Amino acid sequence: MVSIPVLVKHSGRWTYEKNFEEYVTDAILLSTSTTFVELHDVLASHLSVDLTIKRILVEYQITPNAGQIIGIHNDMSLKVFILQKKLIQDMNCLPLYVSILDKVVGSNLASSSIYVAVRGINCNNLETVINTTNEGALVVCENTEALDVFEMDSVEVIISDPHHKHVEEDQVYLRKRILKSVMKVYSIREKFQMRSKRSNKKMYTLFCKSRNCEFLMRASGKGETKMFRIREFRPQHTCPLNDKIYPKMHATSMLIAGMVKQKFKNHKRKYSTTEIKNDMKKDFGMDLTYILCWRAKERALEELRGKPSTFYGKLPSYLYVLNTTYPESHIRMKKTDDNAFLYVFIVLHAFIKGFDHCRPVVVVDASHLRGMYTEAFVTVCITDGAGHIFPLAYDVLDSENDASWTWFF
Ligand SMILES: [Zn+2]
């Protein structure tokens, strides 16, 4: 096992010009097979850091002074650092910059879509902060073109997830609409209705629908940015029992669709209506009907992928392009009298040419399409001289009936 000496500069601060200043210099021996967790432990014991209340941020710069700052946040980024360190034998080059920061309390970093900005770095465009996926993995914002810069004195979590579950005072939300969405879900989970007062670009105040209740959430814009900070949050309800309305009707399919949309982003993921129903019960205590969940699912899919009917509208232009790309193909489409799609038949020129060299047995088979429009997809295949399947034609029919087969043949 080979060990390399590494210079450690800690307890300093980054300047605007990406220089690390006012630091204390130290050194450690780093084994080339060290893992990220081991490096953390070595640094913690060497620098006497209590990891239960503090956390360590490790970074380095490829070119010293004003160069890009690269964070070491997992085994892979540590390996990259070690490789570069091995190439440069000089101990003075490529030091590790170690910042010791307070642990963020009351937020769940493991849940996705939370942005973290790091002390001493000015972020004028938070969209550039990279999303962290696991706890302790902090990535530094590199943007220094100061326009409407704000400075952060300590580590601050900026919430960008519209379904964030925990609400408390001093939280910062990336946009007002995210805070609105979070509060909407909050009111459903806590089973009360809200009314807003003074809602504008700079202010957002919510009260309980009951006039005699002390519930309050008051947020306002953060400096010149579009972010919102919760200035005051009184979650206790003092409303009289007969005022408290338990609003089941409150959960609309639109709201549920927004909550489950993320799950459908991966088209391979199966997420059934029953699963939505169970998850809503488990996560938010909402008793929803099957039909509401089904509508929410349909709406979420429509928002992500568009309406199936609009794609049928694109068919004529698709067929036109297909025909110009493969000249001498045989492409036909039939519509009903009221201009609705009925059949399409496609034989590309290459299929026609290949037919001459195939065995004279043609196989026609239809299979039902799934989804909103249950039509039939028909393929015509043939085998070539080597016994391999060769496609001859494919088409879509409304269903397998006499009229469609007559048109097809
Ligand atoms: Zn109340």
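Predicted model: local features only at pLDDT ≥ 70, side-chain atom pairs only at ≥ 80, totals over all residues.
Local features require pLDDT of at least 70, side-chain atom pairs count only at pLDDT 80 or more, and totals for chains, interfaces and linings use all residues. Residues are numbered from 1 along each chain as its sequence is written.

**Exercise 1.** Determine how the span of helix α3 relates to its expected value.

*Solution.* Helices (H or I, at least four residues) and strands (E, at least two) are DSSP runs, numbered from the N terminus. Helix α3 covers residues 176-189, 14 residues in total. The expected span is 1.5 Å times one less than the number of residues. From first C-alpha to last, α3 reaches 20 Å, close to the expected 20 Å. Just after α3, Lys191 adopts a positive phi of about 55°.

**Exercise 2.** Identify the buried residues of α3 and the elements against which they pack.

*Solution.* A residue is buried if 20 or more other C-beta atoms, placed from the backbone, lie within 10 Å of its own. In α3, Lys176, Ile178, Leu179, Val182, Val185 and Ile188 are buried. Contact requires C-beta atoms, placed from the backbone, within 7 Å. The packing partners include β9 (156-159), β12 (203-208) and α5 (273-284).

**Exercise 3.** Explain why the buried residues of α4 line one face of the helix.

*Solution.* In α4 (residues 253-260), Ile256, Ala257, Met259 and Val260 are buried. Seen down the axis, these residues fall within an arc of 160° (taken over directions from the helix axis to the C-beta atoms), so they line one face. Their cover includes α5 and α6 (290-305).

Definitions and conventions
Buried ≥ 20, exposed ≤ 12 C-beta atoms within 10 Å, placed from the backbone. Contact = placed C-beta atoms within 7 Å.
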